[in-house]
Amino acid sequence: MKKILISLYISLLFILESVYPLTSIHTANAQHKPIPPYAKWGTLALQKTHEKYPHAKIIDYLHVGRTSEPQTSTERFKLWLKENNREFGVFINIEFNKETEKVLKVTFEETSR
């Protein structure tokens with residue numbers, strides 16, 4: 001009798017676990033955020049910065065904003081870099097043709113803050 005009760009109890013646990021798995025209690029749903037329009041230019045800014053400062057580690061990244069002219073737009077980013085014991089900021093401007101999205105100019109400006 002005791003063996004039957006124990007086996008019924010274990011069977012009940014397996015059935016409940018399959019119907020109501022404990023893992024579902026702790027599952028979080030990820031939110032899907034749209035890709036920002038400057039993401040393409042941010043990737044290019046990271047790439048160009050790595051080319052210009054190959055030994056520096058990129059610590060932080062900020063999209064400053066976009067300015068527009070009739071024919072062109074400029075995306076502006078600020079990256080914080082660390083190279084050896086030196087930390088510094090770099091503003092990157094990427095100017096491109098609005099229609100073709102062809103890059104016209106990439107400029108860098110170092111800053112201490």
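**Exercise 1. Determine which residues make the nonpolar surface patch of about 210 Å².**

Solution. Leu46, Ile58 and Tyr61 make this patch. Patches consist of residues with over 30% relative accessible area and no salt bridge, with like charges joined within 9 Å and nonpolar side chains (Val, Leu, Ile, Met, Phe, Trp, Tyr) within 5 Å. Accessible areas come from the Shrake-Rupley method with a 1.4 Å probe, and for residues only the protein chains shown count as cover. Tyr61 is located in strand β1 (residues 57-68); strands (E, at least two residues) and helices (H or I, at least four) are DSSP runs numbered from the N terminus. Its relative accessible area of 32% makes Tyr61 partly exposed, that is, between buried (under 20%) and exposed (over 50%), with a 1.4 Å probe and protein chains only.

The model is predicted: local features need pLDDT of at least 70 and side-chain atom pairs pLDDT 80 or more, while totals for chains, interfaces and linings use all residues. Residues are numbered from 1 along each chain as its sequence is written, and side-chain values use heavy atoms, without hydrogens or water.

**Exercise 2. Classify Arg66 and Glu75 as buried or partly exposed.**

Solution. Their side chains form a salt bridge (2.5 Å, N to O). Arg66, at 44% relative accessibility, is partly exposed, whereas Glu75, at 2%, is buried.

Conventions
Salt bridge = Lys/Arg side-chain N within 4 Å of Asp/Glu carboxyl O.
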